[in-house]
Amino acid sequence: MNRVRVLLLNAALGPLDYRVPEAMDAPFGSIVMVPLGPRKVPGVVWEPESFPSEEIDFKKLRPLLEVREVPPLRAPLRRLIEWTASYYFASPASVLRMVLSSGAAFADTRPMIEYRLNGTLPDRMTPQREQALDKLIDVQGTISELSFKADVSVAVIRGLEKLGMFDRIEIAPFADLALPAPDHDIVDLSDDQKRVSATLIKAVQDRKFQPYLLDGVTGSGKTEVYFEAVAEALRQDRQVLVLLPEIALTEPFLNRFHARFGAEPVAWHSGMKQSDRKKNWRALADGSAKVVVGARSALFLPYANLGLIIVDEAHESSFKQEDGVRYHARDVAVMRGLHEQIPVVLASATPAIESRHQVEQGNYQLLELPARFGGATMPTIEALDLTQDIPARGSWLAPSLINALEDNLGKGEQSLLFLNRRGFAPLTLCRTCGDRINCPNCTAWMVEHRLTQRLACHHCGHVIPVPEKCPECGDEDSLVACGPGVERICDEVKMLFPAARTAIVTSDTIWSPQRAADFVTQMEAGAIDIVVGTQLVTKGYHFPNLTLVGVVDADIGLEGGDLRAAERSFQQIAQVAGRAGRAAKPGHVYVQTRQPKARVIQALIENDRDGFYAAEIEARRAAQAPPFARWAAIIISSEDNGEAMETARLIGQTAPKVDGFSVFGPAPAPLAMLRGRHRHRLLVHSLRSVDLQDILRDWLEKLEWPRAVRVGVDVDPYSFV
Ligand SMILES: [Zn+2]
Ligand SMILES: [Zn+2]
């Protein structure tokens, strides 16, 4: 009897059985089209024992319609999908959706059509048409991509298309890829780099699972070292995946890669055009793409013969996905390495405590690069006590920092001021009635963005024009901006040094790889004197003439007080400090703080990484915090607060009593409202000896709640709001 079980992309449906027609061959992993009601939908043929269910009479089964002409998903990837779904409380369908994330790729091999303005103008102009014609100069894409780029409706674009404003361009479904050459440009490595790269080359040759923690101070040349392992994988004709924490970092990375290997790797991130997604998906699935660099979503792609995974800046919390499937890409990368039986390299200058713990446990092998490359020295770090070195009224920069900036400008060297706050001011307050302008959808303040003259909510994206009078009491000219964001710091810099050329670097100004590339070009050409930026400038960049770094407020990160606050502050400041003095000229870092004696600040000044980590790990051990025990968060949300509260109470009341397993809450979440939904939360703490997922599953599967209530489980959470 020829029947198969098919996993569909619909999370509400379990896997369904289908009949395989004569003369059709559908081995496990095949991507197939099946009938579902009146529709035809994609799915993947799966081992029935993975999803046991009742046998349906063979005669009642509907037939598979088609097996797609793409390679079947390999067994290691099928096991990874099952593991991810089970570990992170997600449906296998929602994990599978990340694998099949380019619907067009496996749908057909017809060319795609893209459109491009051809210069003709419509007889009748409307404001929307004018906006589209203006914004789409030199842009090419599908109708929906053009509509998104021009910020007008699809109907407007279709209208212009009918009038003949666009040229139609056929895009071939297969990529024409230049192959990276392992020996294109051999670089001179230091002795330390040679020693470490030899280990990694051997690991690639051995073809077995082994995680490595590549721990090298900022500027030590970690990239050059792992490039040697990439070269070895290329010689062996195996694929490499390099994960980066931010799309903005892809462009500088592509350039470095191109210089070393003579061709670009294949990119994968959310900003890609559909036609590129289609080509790249196919190329990595059939093995013609050798190296893929991408954001965390690249982890679940169907590589043909993966030989090596690299997670760069592995400590970054942006590897943790906070909605949908709440997975941590660093941890899933290690699991993928295990299933594929290949080495995984986690590279960082400030490794996560979890990763260091794995080294101590003997699970990961430690590879160290203790010195900067080419004789460059580590920057000196000095704390500026804001209670002594007091900024002038209405100013946020201490006199000593201003002097240092002035000196650096005089020397013709570049400076960087770091503040992890986008916009002009985090809070707008009414002087008359004390009202703070809040987001109507979230428990959050509206942040003023002076560049765009708007107030914006950083949680839901709600924007309003800056009001002229207080929305509460109606008083005019009573609203004041409180506290600084990067725009305000940049204003202060311009006031102090009118001749200095400044740049603001945040996700508002660097929203695409191209913008990041432009910024790099300007910095390298010396066209910028002072950069003011958020965490976006803390990693990856290498500017030889950048010698001064000022941390505007080192105390911000410690305010939240969650379990990783100290670690995160240390990492962030060490990373931004690491941008200074990376070449011949030495770097200096000034850290503004009200708590110069805090352990984090002291460790940074004394360059005592090991001491800081040792103390932090001891504190975690004493508090039974991760990695010594585990947390999970259960988040209940609904537009109806009563329903959400009722469900949270039900979950709390039925909490199982198991040794080593404790439940806290329910309580309103710190972010009590998000995107119009009321949120309540329970926190679960469990010892390592207890099977956290099993207990959670037993507990939650028995309960029922109203349809409009969402209950999400966040295993190993990073965000506690
Ligand atoms: Zn008011
Ligand atoms: Zn909001």
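Zinc sites and helix packing

Q: Cys457: buried or exposed?
A: Cys457 is buried, at 2% relative accessible area. Buried is under 20%, exposed over 50%, partly exposed in between (1.4 Å probe, protein chains only).

Q: What am I looking at, and how are things numbered?
A: This is a predicted model, where local features need pLDDT of at least 70 and side-chain atom pairs pLDDT 80 or more, while totals for chains, interfaces and linings use all residues. Residues count from 1 along each chain, chains are lettered from A and ligands numbered from 1 as written, and side-chain values use heavy atoms, without hydrogens or water.

Q: Which residues coordinate the zinc ion (ligand 2)?
A: Cys457 is one of them; the others are Cys439, Cys442 and Cys460. Each gives its SG atom, at 2.2 to 2.4 Å. Donors are N, O and S atoms within 2.8 Å of the metal (3.2 Å for Na, K and Ca).

Q: What arrangement do they make?
A: Tetrahedral, because the four donor atoms subtend angles of 103 to 115°. Four donors qualify if all angles lie between 85 and 135 degrees.

Q: OK, ligand 1. Which residues coordinate that zinc ion?
A: Cys430, Cys433, Cys470 and Cys473, through SG, at 2.2 to 2.4 Å. The donor spacing is C-x2-C-x36-C-x2-C for the zinc ion (ligand 1).

Q: What about the angles there?
A: They run from 108 to 112° around the zinc ion (ligand 1), so that site is tetrahedral.

Q: How exposed are Cys470 and Cys473?
A: Cys470 is buried, at 3%. Cys473 is partly exposed, with a relative accessible area of 36%.

Q: Switching to helices. Where is Arg78?
A: Arg78 lies in helix H1 (residues 75-87). Arg78 is buried, at 6% relative accessible area.

Q: What does Arg78 touch?
A: Leaving out residues up to four places away in sequence, Arg78 touches Phe28, Gly29, Val45, Trp46, Glu47 and Leu73. Contact means heavy atoms within 4.5 Å.

Q: How do H1 and H11 cross?
A: The axes of H1 and helix H11 (residues 329-340) come within 9 Å and cross at roughly 140°. Axes are lines fitted to C-alpha atoms, with angles from 0 to 180 degrees between N-to-C directions.

Q: Which residues meet there?
A: On the H1 side, Pro76, Leu77, Arg79, Leu80, Trp83 and Thr84. Val332, Met335, Arg336, His339 and Glu340 are their partners in H11.

Q: What about H5 and H6?
A: Helix H5 (residues 143-150) and helix H6 (residues 154-162) have axes that come within 8 Å, crossing at roughly 115°. From H5, Ile143, Leu146 and Ser147 meet Val154, Ile157, Arg158 and Glu161 of H6.

Q: Last one. Where is Leu401, and what is in contact with it?
A: Leu401 lies in helix H13 (residues 399-410) and is buried, at 0%. Setting aside neighbours within four places in sequence, Leu401 contacts Leu384, Leu417, Gly550, Tyr590 and Gln592. Pro391 is ten residues from Leu401 along the chain, and their C-alpha atoms are separated by 9.5 Å.

Technical notes:
Tetrahedral: all angles 85-135°; square planar, octahedral: opposite > 155°, others 65-115°. Helix = DSSP H or I, 4+ residues; strand = E, 2+ residues; numbered from the N terminus.
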